[in-house]
Amino acid sequence: TTTLTLTKADVILKIASATLHYGESQNLTATLQRVVDGSMLTNRPLTFKIDGTSIGTLSTDGTGTSAFAYTLSDAVAVGDHTLTVEYAGDAGTNPGTGTAKLTCLKTTTAFSLNDIPARIGETKSLSAILKRSTDKAGIVGRGVLFTLVGTQIGTPVTDANGQATVSYKIEESLGVGKFALKADFAGDSQYSKSTKSVNLTVSQSPTKISTNNSSGKQGSTVTLLANLLRTTDSKALNGKVLKFQIDGVDVGTATTDATGAASLSYMIPSTMSVGKHPIKVSFDGDTYYLKYTASGNTLTVK
């Protein structure tokens, strides 16, 4: 008789190098082989690491291969990193380690930004979403410069969805028409710069006139009152001409003051019949504002 001494077999563990952009997915492929006879070892758990930090475990298949599905996140810096696969060993095999290179590349970006309609007096939320071009995921925590017709209007930072938003009030000084709105990301160590331009299309604002009832005797003078405002933000409109009518006949015009008020002195003709007469006040509109006509109030002749 004699003694048969069995020792654990050594293994060869190999892993392929990989090159990825942020958001890209790739199978990190490793193989486990016994040295003594070259057999591929199946159903053995392999642990994958990047720079020593575990990213997951996957057992070998029937060919001794483990293809670990991995998506590169921007928690990994641009550049070269150590990709490691480890096997802990078992009753018949020794532990093993394989290393390779994981290369992280700077990733291109794109903005999601559409043409925006607006009206004079509106406050608009101008939003752009900064996405990486690989998987269209939003990029968090990046500053975006908004310019309107070349003038800076805000530098918000992208949120958890990659969206940057700036609030902007549309005033008469901008005008009516199409204006170039641009979003700029300057780029950084991980992501390439990106720019997109769209149109902010500004239209005339709707208006509204409020009027009062009036009353007086034949031959007396009364004051006809009206107020003009834009409906987008209820701002009073100054310097606008309002036309007054009674019984459908023009009786004069008046210009609004800083409070949007216009008043017209009117002498009630001695020939006007006693009773109620409809008052109509109209604004013909202009470059910035749409026309409006108010009716429903009356002049009561006593």
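1. D188 is partly exposed, at 25% relative accessibility. The scale runs from buried (under 20% relative accessible area) through partly exposed to exposed (over 50%), with a 1.4 Å probe and protein chains only. This is a predicted model, where local features need pLDDT of at least 70, side-chain atom pairs count only at pLDDT 80 or more, and totals for chains, interfaces and linings use all residues. Residues are numbered from 1 along each chain as its sequence is written, and side-chain values use heavy atoms, leaving out hydrogens and water.

2. D188 has a partner. R142 joins D188 in a salt bridge, with the closest N and O atoms 2.9 Å apart. A salt bridge here is a side-chain nitrogen of Lys or Arg within 4 Å of a carboxyl oxygen of Asp or Glu. R142 sits in the loop between β11 (123-132) and β12 (145-148), D188 in the loop between β15 (177-185) and β16 (194-203), so the pair ties together parts 46 residues apart in sequence. R142 is buried, at 12% relative accessible area.

3. E86 and K49 form another salt bridge, at 3.1 Å between the closest N and O atoms. E86 belongs to strand β7 and K49 to strand β4, 37 residues apart. Strands (E, at least two residues) are DSSP runs, numbered from the N terminus. E86 is partly exposed, with a relative accessible area of 28%.

4. R44 and D90 meet through their side chains in a salt bridge (3.0 Å, N to O). R44 lies in the loop between β3 (25-34) and β4 (45-50), D90 in the loop between β7 (79-87) and β8 (96-105). D90 is partly exposed, at 28% relative accessibility.

5. How many salt bridges does the whole structure hold? The search finds 12. K169, E171, R230 and D233 are linked in a network of them.

Conventions:
Helices (H or I, at least four residues) and strands (E, at least two) are DSSP runs, numbered from the N terminus.
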